[in-house]
Amino acid sequence: MVWVRTPTARGENRMIRQPVAFDHRVHAAGLKISCEFCHSGADRSAHAGIPTTQECVGCHNDTWLASAAFTPVRASLASGVPIAWKRVTQLPDFVYFNHAMHVNKRVSCTECHGDVAAMPVVSQQRPLTMGWCVSCHVEAPQKYAARALTNCTTCHR
Amino acid sequence: MSKLPKNMPRARSPIARRVIDDDINQLAVLNETSPEFPPGASSPPDGLERRDFVKLLAASMALAGLSGCVRAPDQEIHPLITGAPNSIPGVPLHYATAMTIDGLTTGVIVESHDGRPTKIEGNPEHPASLGGAGIFEQASILELYDPRRAQSPFKGSAPTSAKELLSMFTPPALANRVGARGAALGLVLEPTASPLTASLLARVRTRFPDMHVFFHSPLNSRSVGTASQRAFGKVLIPQHDFRQANVVVALGADPFASAPFHLRYARDFSTRRRTSPAPSLHVAEVCPSPTSTLADTRIAVAPEALKRVTAALFARVARDTDHPVLPPDQTIVLNDREERWVANAAADLIRERSHGIVIAGPLESEEVQLLTLALNDLLQNVGTCVWYTESPIMDAGLSSHDVRSLSDSMDSLDTLIVLQGNVCYTAPPSAQIERKYAAIRQTLYLGSFHNETARLSKWHLPGTHYLEEWGLERAYDGSMSIVQPLIAPLYDGRTIAETLALISGARNASAYSLTHEQWNASPHATTNAWDATVRRGVAADSALPRVIPVFDWRAASDAFEVMARPVTSPVSVAASNAIELVIGASRTLLDGRFADNPWLQELPDPVTKLTWDNAALFSPATAKALNIVTGQLVRLETSTSNVELPALVVPGHADGATSLTLGYGRRGAEHVADGVGVDVNVVRTMDAPYRTVAQVRALDQHHALAITQTHFNIEHRAADILGASMSPRDSIVASPDANPTDSAARNSGANSNVLPATPTRRTRKPLTLYEPPAVKTSGFGADQWAMTIDLDQCTGCSACVVACQSENNIPTVGRDDVLKGREMHWMRIDRYVSEDDAATHIDVQPMLCQHCEKAPCEYVCPVNATMHSDDGLNEMVYNRCVGTRFCSNNCPYKVRRFNWFEYNGDVSAPERMQKNPEVTVRARGVMEKCTFCVQRVRRAQMDAELAGEPVTGPVLTACQQTCPTQAIVFGSLTAPNSEVAALTNHPRAFSALEELGTVPRVRYLARTPRDPT
């Protein structure tokens, strides 16, 4: 009972090794590419989305594509098998989170994902518990000039 | 009682909907406080001793304690390689296509989630749908993902390569076997209206001019064609406009639930029925049907009696209109009920001359068809409500549609190619198709399932589902649709077009290029662009031109003379045990092509409420005379064969007849349908495929039928459940405080959406000390969701039940669990039976979560798993639910469903692809119920929010969207010009069990009384 309430049990700060050594620091902090450039569903869809292999290659055609770090990308492009990224921010299946609603209400990405631009390897930064979600939903009118949606079916359906 | 089968669900109440069934099943009325669930509903799994069960329980508790501390397994994200145009992962797309049954299409809109089609809706643009969808359209999505579909070519019973198979059926290989002109080559198709198939057949014919082409469907009755041939000299089919009709007479017909155009007919009739004066509907039929639930007058007549009734109707109309071609002056023996029905129908038809429709069922005899044509002509209905067109079906009316010609030719064939259908199961045994098919040297079957025909074929090529293929198809009125695929063939299937192209020598022709080519050649391509037609789902103005033929009156008088032969005496069933046998399609499985679809197997028949079985239907009086009860096996002996199957007593069925349904007792490698029901094809013959006479004998054996009628019983207050306006004609549900002015509502000329000046609404509100619930007018909760269901429009066709199942990931439970009352449908259609001296009437009421403002379920949940939202929804939170079932016990409407087992546990990988990603797939031990399609409500709210405006467009629930008659209206009570708000205060509006004070958000509009005059 105590264990499940620890950050470790919730999966916080767990370093997750991805199949491609992608470094958010280079892209987001160094090159100042906005999050939505690659996670293009964030303002339009429930899912933020992971860029397609083709989108990675679109920028990297001239740079780094031949390097060893890009082996999985080249393999994916050649074989047509997607790159199997590891999910970092995992909500239970009975929770229906919608990125578009949050992004359009000007909830910053860092609010839930932490300062990804400073992370060499991305890990979960917030508890992602229902209590944590609701605490923000309750304050939504003050923080985001949005309605305080606390009905069950806001997230569970 | 000792004679009853053990699993027989016990009925309980002396009044309300069970009464007739109790009587006829000769069940003793049990005490008033017997349980609301059938026996066994809460029993633990079979085959487990109590001690083992407790041990397991302890072990699972311990494990549950451990597993609660473990994180969910890690997941991976697999992005696409190349993004699809217009597609944003997570945002569903919708595409138009068309579903074809026996050659005639209905347009559909398919929802696709990231490339997976998940849900089917009607296409509002398509003339056969107008936005509604039936049970077959709704359930067809499940067939796409059926893991038991044929997945590779087969040679005999062993898988083979496509290359080997195809090399056998190239033109040179064929020519070696069937001769240069193809005299020993045969093709069997289902009836088709596809111009693509027609042109490819022509192409094959240029190669093999002497080949034989046959069209086979067990429901392909030829009587319409032959009658039209006699009356008009050519084959024409009747088209109807129910919006223009002031009176409709249906003779053995079920135009609102089973004709090819039934969705349109139902929509048109309901549109007309909302205006005043409402059209009258007179039905004569063997067994109650969805159509007859709306009827003003109805008689149950066996087929022979239907001929007499039709003749009498014609005679009466001809006499009263002083028609020059009077029938011979002979008396037709009718009983009182028949006499009265004929008088009413004839009077209405004559009064509304030129604005009536007489429609006959396609399986009725040629004489009935002929007199129907004659009646419409005589009443000058032709040109207004009725007109004729050529049949869109290829070679309609020719002998190639007769199974006899197939049977006769089979002996001389070397190669027979069967393109879809299942001729070895569906043909009558006297055609000896199975024996002859097995004897043919080379047989190829193109089909999706390892069924009876596939089993006997030398070669089997996997077919495609319509969501996997390109094609051109036509609707009943001739409207052309381009069928577009939603997904690449899952199992390497081939379309009919591709297979025909192969036989004609075009080995690598794709269905897309063939379709495109044929489209460009069609006359509609000049006025309809390909892209626009694909997007819209139908080519504009492509319906067949109207034909107003000249009626040959000699033909009618011929038919009349045949029918007017005086009947010596009505068959005395009890004395002779001779009974008329009526064979027709199953309402849920059709001819068996949907037998492997668990949704349709578990869908209760709209009238009998039978699932997972077929039965011989008897009227209560006939059953009594023969000493038969429901579930008892009977043997039906015809002159050629016999069949044994359980009896089912159906109130409202015709006396002296029994109805059997096709599609059961499958003999192939079916999985779901294995062992379900009895094959009644054996008593069909080529001469009498639908009607015959049998000796009936009751056997001393019983079979438990999974009938849902007695499940989820509401406490016996039928007047409060069905609304007071039922009572004027209904002695069973009569209520002393019935409002006599309800009937006025229908005749007052008021459009049902408009409130009359003086509301006549029943005011029997419960006394309460509570304040009325506060309704916000701004902010969240400004929308107040509510639903109305118009019982005056509902036919009970059950499309909503399947739509709900498809939208909300509702599992099926199987026959054994249905017997225990564990079916999971969130929406059920309750059947109520009442009798007056004219007829037995069936009333139906869709029952779903009423979303009570004072919900009894919410008070009793110990874990707050069911809550009330600010916008009026009764919410069910699956992840909180611990399965106490207190809520279900406290629900007066009995609409909550419990997951007794892991019903979603053994769902195969392809079937999982059908699941709606917006709805949780529930686990074992969790309560569930109607959510008002909250995922659709929230989606609409989010879309509106993102667009920065209030919810403007209608929010359609799944049941509402599919409803052919638009009986269901959903929306916000507080929205401006809200239709649902107006209907909630309609004079006919009432809440079920209003006096309980639950304040339901679902309001019903009471059925208007039947008006026999």
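Helices α6(B) and α16(B) are roughly parallel to each other, because their packing angle is about 15° and angles under 35 degrees count as roughly parallel, over 145 as roughly antiparallel, 65 to 115 as roughly perpendicular and the rest as oblique. α6(B) covers residues 195-207 and α16(B) residues 496-504, and their axes are 9 Å apart. Axes here are lines fitted to C-alpha atoms, for helices over the stretch in contact, with angles running from 0 to 180 degrees between N-to-C directions. Helices (H or I, at least four residues) and strands (E, at least two) are DSSP runs, numbered from the N terminus.

This is a predicted model, in which local features need pLDDT of at least 70 and side-chain atom pairs count only at pLDDT 80 or more, while totals for chains, interfaces and linings use all residues. Residues are numbered from 1 along each chain as its sequence is written, chains are lettered from A and ligands numbered from 1 in the order in which they are written, and side-chain values use heavy atoms, with hydrogens and water left out.

The crossing of α6(B) past α16(B) is left-handed (the near helix is turned anticlockwise from the far one by less than a right angle; clockwise would be right-handed). On the α6(B) side, the residues in contact (heavy atoms within 4.5 Å) are Leu196(B), Thr197(B), Leu200(B), Leu201(B), Arg203(B) and Val204(B). They meet Ile496(B), Ala497(B), Leu500(B), Ala501(B), Ile503(B) and Ser504(B) of α16(B). Nine of the residues in this contact are nonpolar, two polar and one charged (Ala, Val, Leu, Ile, Met, Phe, Trp, Tyr, Cys and Pro count as nonpolar, Asp, Glu, Lys and Arg as charged, and the others, Gly among them, as polar).

Chain A has seven helices and one strand, in the order α-α-α-α-β-α-α-α from the N terminus. Its C-alpha trace spans about 50 × 35 × 30 Å along the principal axes.

Between chain A and chain B, about 3900 Å² is buried, 56% of it on carbon and sulfur atoms (buried area is the accessible area, 1.4 Å probe, that two parts lose on being put together, summed over both). Gln90(A), Asn151(A) and Arg157(A) supply 19% of the area that chain A buries against chain B, more than any other three residues. The contact takes 44 residues from chain A and 41 from chain B.

Four salt bridges link the two chains (a side-chain nitrogen of Lys or Arg within 4 Å of a carboxyl oxygen of Asp or Glu). One pairs Lys86(A) with Glu76(B) at 3.4 Å, N to O. Lys105(A) and Glu945(B) form a salt bridge at 2.6 Å, N to O. Lys105(A) sits in the loop between α5 and α6 of chain A and Glu945(B) in helix α30 of chain B, so this pair joins two chains.

Two backbone details remain. The peptide bond between Ser276(B) and Pro277(B) is cis, with omega about -5°, and Pro277(B) lies in the loop between α8 and β11 of chain B. Leu128(A), in the loop between α6 and α7 of chain A, has a positive phi near 55° although the residue is not glycine.
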